[in-house]
Amino acid sequence: MIHVKKIEEELDFHWCMDKIRPRTPYGIEYKKAMKPYPVGTDQELGKTLDILESYVDWLKNYETERKLDALLKHIKDIRFSIKRAEEEQVLSEVELFEIKTFIFLLNKIWEFKEEEELPEHFNTKIRPISELMNLLNPKGAQPDTFYIYDSYSKALATLRVKRSGKENEYRRAIRQLKVKIRDEYGIILSGDNTVITQKRDEAYRKKLEDCPYLIYSSETYNNLVFSLKLGEELMELQEMAEKLKEEEEEEEIKVRGLLSEKIAEYSKDLKSNIHGIANLDLYLAKARFALEINGEKPEIRSRQKIYIRNGRHPKIEQDLKRKSMKYIPITIELEQGVTCITGANMGGKTISLKLVGLLCLMAQMGLYVPADYMEFALQEYIVTSIGDKQSTESGLSTFGGEIANVVEAMKFADKKGLILIDELARGTNPMEGYAITLAIVEYLNKQEAITVLTTHFDRVTSNREIKHLQVIGLSKFDFSHHSINDVEDKLKILNKYMDYRLVEVSNFTEVPKDAINIAEIMGLPKDIVQSAEETVKNGW
């Protein structure tokens, strides 16, 4: 019931999926088929995470993964060929070669498993198919080529001997004729049995025309081309060689048909191995991603609760790192009902909202999460209203788009789920916005869902039953010791002193006025700042 495509952009989940990079076409397809584990599948998800843990631990300690990675990169998609074989169609030599290569790589992966200390959960469905390998490669370990060997058919072997004999006989006769033309007429033919003369060279042209063993072939603007004229004996040899070649090709088709039938017999084993490789490939890709984000295995709980300790939004963390800026991890504990997050713009409220949604979705997809620790309950849905929801197509304003999302969320709010709302009603006048926000918060607080809502409205958090988290913000910034006019890069000073961590506060605590502090840092004149502070002090 979680609409991944709908929320992946708002939560940057597509960024995470782009970072999960299987090597094989099978792993890529399994990745595309990934879905959140539904409520009630705690054991299945737990098993998936345990298997992933074993791969993560293995990758931490073994450099030999690169050998396995190199094998996986060479695997091609042979499913269409298997299907054709099952439908009693004759496979081409290219298809047979690809299947042979696949089976050879199976052997290599199996050998790797036997030689290396692999995870306990290393996929056991990957098994060599020795009989098929011996059939497709009767001459021994030659994985780089495929050839229809004489051993496949006595008739084929006989035809090849006969054809080779006739071709050799034909080539000898051609060589003898070319020597005769050279010796008797002084004419030397090229390797393709032709000779070229210029049109203006009348003497040589006459010589070529008078030679009984040559025939006019073609011409260009300046030149004439003569080719070897085949006599009856040579034509007969050529025809016999061509006929034997056709018979050989027909016999090769029969052999390919027999090989195709054998492949069809082993289709179940091939498909089982394909499934095994897909799982192996996807687990390795997810494990590499887990290490890349310095992730941890989330813990599954039955109680409707989410706890994240030092959680990080991986995309935003990466973006900040590129700018030589530090990401401040967030710790948050959420339970059934409403939690309000307050703080000024630029205070990280939206990032905290995205972080909660992203980590819950990642955990429910069977992935490691970027946090020191996380425990969560499986959710039936995740509904988000983050960012500007104005829709020119439907004619909805920003406020209309927000309410449409909230209405959708309220349809499911009586069931276990996660609702994330960013600054509800910011798109309408403050008085009505406050009234609507308060009413929606009080309604959602009585539901089964976990709702996290960011707001600028102070009194929304006055209800004792509503959990109130506040961004620490610029509370530790001492303006008396900083000359704002001397700050060259004001955004950097904001990043340095803005504390994005959340603290639980009294429901009667006012929303901090960091906006005024931010305005001052960014250079708003002091008299205007003082006037704004007076207005806040006296109420608006």
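Let's start with helix α16, whose buried residues (under 20% relative accessible area, with exposed over 50% and partly exposed in between, for a 1.4 Å probe and protein chains only) are Gly433, Tyr434, Thr437, Leu438, Ile440, Val441 and Leu444. This is a predicted model, where local features need pLDDT of at least 70, side-chain atom pairs count only at pLDDT 80 or more, and totals for chains, interfaces and linings use all residues. Residues are numbered from 1 along each chain as its sequence is written, and side-chain values use heavy atoms, leaving out hydrogens and water.

Helices (H or I, at least four residues) and strands (E, at least two) are DSSP runs, numbered from the N terminus.

Now hop over to strand β7, residues 337-342, where six of six residues are buried. β7 runs parallel to strand β11 (residues 450-455), joined by six bridges, and there cysteine 340 has leucine 453 as its bridge partner. Strand β12 (residues 467-473) is also parallel to β7, with four bridges, and threonine 339 stands opposite lysine 467.

What about aromatic rings? Rings of Phe, Tyr and Trp (its six-membered ring) pair if their centres lie within 6.5 Å; planes under 30 degrees apart count as stacked, over 60 as edge-to-face and the rest as tilted. By that rule there are nine aromatic pairs. In one of them, the rings of tyrosine 216 and phenylalanine 226 sit 6.2 Å apart at their centres with planes at 80°, so the pair is edge-to-face. Tyrosine 216 belongs to strand β2 (residues 214-219) and phenylalanine 226 to strand β3 (residues 223-228). Tyrosine 216 is partly exposed at 42% relative accessible area, while phenylalanine 226 is buried at 4%.

Technical notes:
Two strands pair if DSSP finds at least two bridges between them.
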